[in-house]
Protein chains: 2
Amino acid sequence: MAKPKKEPRPKAETPKGFRDYFGAEVTTRAAMLNAIAGVYHRYGFDALESSAVETVEALGKFLPDVDRPNEGVFAWQDEDEKWLALRYDLTAPLARVYAQHRNDLPTPYRRYAMGPVWRNEKPGPGRFRQFYQCDADTVGTASMAADAEICAMLADALEEVGIPRGDYVVRVNNRKVLNGVLEVAGLLDPAEPDRFAEERGIVLRAIDKLDRLGPEGVRALLGEGRKDESGDFTKGAGLTNLQIEKVLAFVKANELVDNAILNATNTNSEPDQRKPLEGRNAILCHFLSEIVDWSKIGREGVDELEEIATLLAAQGYGPDRIVIDPSVVRGLGYYTGPVFEAELTFEILDEKGRPRQFGSVAGGGRYDDLVARFTGQQVPAVGVSIGVDRLLAALHAKGKISSAERGPVVVTVMDRDRMADYQAMVGELRQAGIRAEVYLGNPKNFGNQMKYADRRGSPIAVICGGDEFAKGVVQIKDLILGAQIAENATVEEWKERPSQYEVPRAALVDKVRDILAEQS
Amino acid sequence: MAKPKKEPRPKAETPKGFRDYFGAEVTTRAAMLNAIAGVYHRYGFDALESSAVETVEALGKFLPDVDRPNEGVFAWQDEDEKWLALRYDLTAPLARVYAQHRNDLPTPYRRYAMGPVWRNEKPGPGRFRQFYQCDADTVGTASMAADAEICAMLADALEEVGIPRGDYVVRVNNRKVLNGVLEVAGLLDPAEPDRFAEERGIVLRAIDKLDRLGPEGVRALLGEGRKDESGDFTKGAGLTNLQIEKVLAFVKANELVDNAILNATNTNSEPDQRKPLEGRNAILCHFLSEIVDWSKIGREGVDELEEIATLLAAQGYGPDRIVIDPSVVRGLGYYTGPVFEAELTFEILDEKGRPRQFGSVAGGGRYDDLVARFTGQQVPAVGVSIGVDRLLAALHAKGKISSAERGPVVVTVMDRDRMADYQAMVGELRQAGIRAEVYLGNPKNFGNQMKYADRRGSPIAVICGGDEFAKGVVQIKDLILGAQIAENATVEEWKERPSQYEVPRAALVDKVRDILAEQS
């Protein structure tokens, strides 16, 4: 293949919206995912790694008559004119895998999956077109024990990676309870499921805005509508006041029950977790069953929440870790039964320096129609997805992981002809499990070698020139202590606490090990 | 988005040439890569994870005037009409990353990378379009210490994942020595590097066929040419007999030296690894320097091999692990200096049941022009790539990893209303670090529960019905022992060695732990 003479040089740049990850960015994420995988495995979940590439058809994002796939995924045509695409999440591939391999898989099938997904969306600050997801799903059982198990597993996973108990809570809600509320409010008729679909859409979007608009803004959207600051009018669902109160009571049930408990007198006794549901969750379920009133689907939803809470209490997961909370709104539009969200409750400072709660790091729920797309059969399933980047950010904020990895011990090169001796030194250090390397740049300028050690975050430099070889010793420089002394110490302190030691060559490994132990 | 009424169901299938990985297939690979990463890290190498997507321009696979990218990569156009593609290896992205971030990276830059790559090639048995690579490279130094270090690291990595010393050998060759041979044979003129390029291509291809054609076949290709069994004639390089002998002596140097050593008398004394190069590697280098004769480039290559062997010997890596071996041909066309290959020397049975050596699992070498594509500056670099699937296959063949993972302890469901109690049991088991799950399928048919446990590879089933709850006990069934007894035992043995135990409920965890310990 002859090349044209003056080929312009290619630009060395990542495609727009993509990035590279270096050193500790890679290893801390890998360690976190590894810890989570350990918890999932202990719960009987099996690993699954599907390929990054799926047929667009299997991803189910597009109409069959659309020639060119929409935005949203990265797609191309293969040699058979078939459209292929990079997966945009780990759930669509799970549905495809389960439909394809269901005869070889156990029922129910518990699986976890971790890996990158790709979104062909406008990138923004902190929003990339490739990012990690970490999912666990149970396919093939309608038992609430599966939902409860995933909530418990999520709590365990958070603690395993370093979020202490009390710094997180898993909140559980149920789409069916909302449907019950909508039914008694006259907005859902099981006999005519499509009727009032538009109004229900408005209701879902309205309660999703509770955080932003407050109860009064939501009230307006549930009723006639709402004019925002700019003067734009958003049409409301047209509910009556009574209907509006029902919906708001559901969304705010948690708060109402908290107030009721505060006002009561004898609620200080600790509930026994092993007995049928007691305490706060029981009061809440009772309250919810009053809201959904005669609605069959609503009562079913309340029963499910009660069952989840009871199963969790039996394993010792009380309201300090997992709570029923109807204010969980995210996912209510997507899931068909229980939904849950893991929230970190400690405060961090936002970009303007104001304290705020860290917020959600994981979410999930029950969905029933993903596999049916392929097989025509409804297969009940429930799953959870951990926001990998959010959880990593939380661990950084808590000081659980550091972005600066400790570098290797650097053996400097004073005499190029002694390279074999320097290699022998790092060889011994590595044999002892100590991260170590010889400086392999141009050794002429010793200052450059020390600059290199600094850039590498090296804790120790080993120095050995002609004099040292003649005397059978090595110089070992404690770079961490050296940097501290250089910054803070008086001359007297500097003399008392030398940061450089001369030891016999045979004592190299022991001395390095001692200094590393002191540093950590 | 309204859907047409009768949308055909999508097919649940992986795209052609892709596959799914289940359970132990995922975890054993992850564990192996994790062990290798530990070795790389100890050698001072830093992790790098670039994105799966690169610009086609940066991958450098295509001419700028080609509108539609060639076969070989999966490529598509983004919204700016720019061509993007999935990476086809980890080296091209390294060159891009180094060119892009070189001011922020240490010099030299040691990095490792592990992850999937994609090839738009015809899939075949065992050949997939997505597979893992595992690379380590040192960019920015011409020092042979970098090459030696990578050879040592490769040996350490193989031992770390479970290939014992003696079952592998890292063979080292050097492109410059071949160039020296070509120079003294009159096929390379440093003043006119393009002259004889066609002949050199024929020579390279010919010696690459040594395994298949034998010395006589190669001799024919180096000379006038060769007619194969079908009668097709392949044109040769047209070398004289003297030239041919030179080339063959280089390729077969290893064998010739082995014979020379066998014929000598006093070669049984163990060479001292810490002294200047002695023994077999010294004899071989002496032999090579005679072959390359007056060639400057050839002598440079021999010196490099000698330096690598000396540096390795200083760290205790002798010819039992790393040998100079001019019969290494793979990579001689691609690399510019030292090339190396890790070969597993134990025998396995091929598909026809004949014993053969397992063969190569890793390879690498020195290359100098990858970064120059971007910056115009030559940046010396050396790297190694481990064949992840080949090495996994080797570990399977050696019985180091098993494709069947031990499944979870399964707590069966005898009474659906007791789900909370069953959940409490698995909760306790998991707290004790034991993999455990409750059966979440339809519990009506107990036989199905035992079939499920069997399919899951469960070591133990826990059984607890109304009687057991009343007595405060549980039944614990050793499924491994049970299966052995069912297969082999007489009735007497069956009575003597029960595989099912009744223990107090409080002793559940201890008894399960005991049985698991006995099983392993």
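Asp147(A) sits in helix α4 of chain A, residues 144-161. Helices here are DSSP runs of H or I with at least four residues, strands are runs of E with at least two, and both are numbered from the N terminus. Asp147(A) is buried, at a relative accessible area of 0%. Buried means under 20% relative accessible area, exposed means over 50%, and partly exposed is in between, with a 1.4 Å probe and protein chains only. Leaving out residues up to four places away in sequence, Asp147(A) touches Ile308(A), Pro338(A), Phe340(A), Arg366(A) and Val382(A). Contact means heavy atoms within 4.5 Å.

Some housekeeping. This is a predicted model, where local features need pLDDT of at least 70 and side-chain atom pairs count only at pLDDT 80 or more, while totals for chains, interfaces and linings use all residues. Residues are numbered from 1 along each chain as its sequence is written, chains are lettered from A and ligands numbered from 1 in the order in which they are written, and side-chain values use heavy atoms, with hydrogens and water left out.

Next, the helices of chain A. Helix α11, residues 296-314, lies across β8, β11 and β12 of chain A, and runs at about 150° to β8(A). Axes are lines fitted to C-alpha atoms, for helices over the stretch in contact, and angles run from 0 to 180 degrees between N-to-C directions. The axes of α10(A), residues 279-292, and α11(A) come within 9 Å and cross at roughly 175°. The two helices are therefore roughly antiparallel to each other, a term for angles over 145 degrees. In that contact, the α10(A) residues include Cys285(A) and Leu288(A), and the α11(A) residues include Val302(A) and Leu305(A). The contact residues divide into six nonpolar, three polar and two charged. Ala, Val, Leu, Ile, Met, Phe, Trp, Tyr, Cys and Pro count as nonpolar, Asp, Glu, Lys and Arg as charged, and the others, Gly among them, as polar.

Now the sheets. Which strands make up the nine-strand open sheet? The order is β11(A)-β8(A)-β12(A)-β13(A)-β14(A)-β7(A)-β6(A)-β2(A)-β1(B), with mixed pairing. Two strands pair if DSSP finds at least two bridges between them. β11 of chain A and β1 of chain B stand at the edges with a single partner strand each, so one side of each has no neighbour in the sheet. Within the sheet, β6(A) and β7(A) pair in the antiparallel sense over ten bridges, and Arg110(A) stands opposite Thr138(A).

An open sheet of three strands in chain A has the order β3-β5-β4, with antiparallel pairing. Its edge strands are β3, 53-55, and β4, 75-77. The twist averages 35° from one strand to the next.

How do the two chains relate? A rotation of 180° with 0.0 Å of shift along its axis superposes chain B on chain A, with RMSD 0.1 Å. That is the relation of a two-fold axis. The superposition is by least squares on the C-alpha atoms of residues with pLDDT of at least 70 in both copies. In chain B, the C-alpha nearest the axis belongs to Trp76(B), 2.8 Å away.

Finally, some backbone details. The peptide bond from Thr107(A) to Pro108(A) is cis, with omega near -5°. Glu81(B), not a glycine, has a positive phi of about 70°; Glu81(B) is exposed, at 58% relative accessibility.

Key: Parallel < 35°, antiparallel > 145°, perpendicular 65-115°, else oblique.
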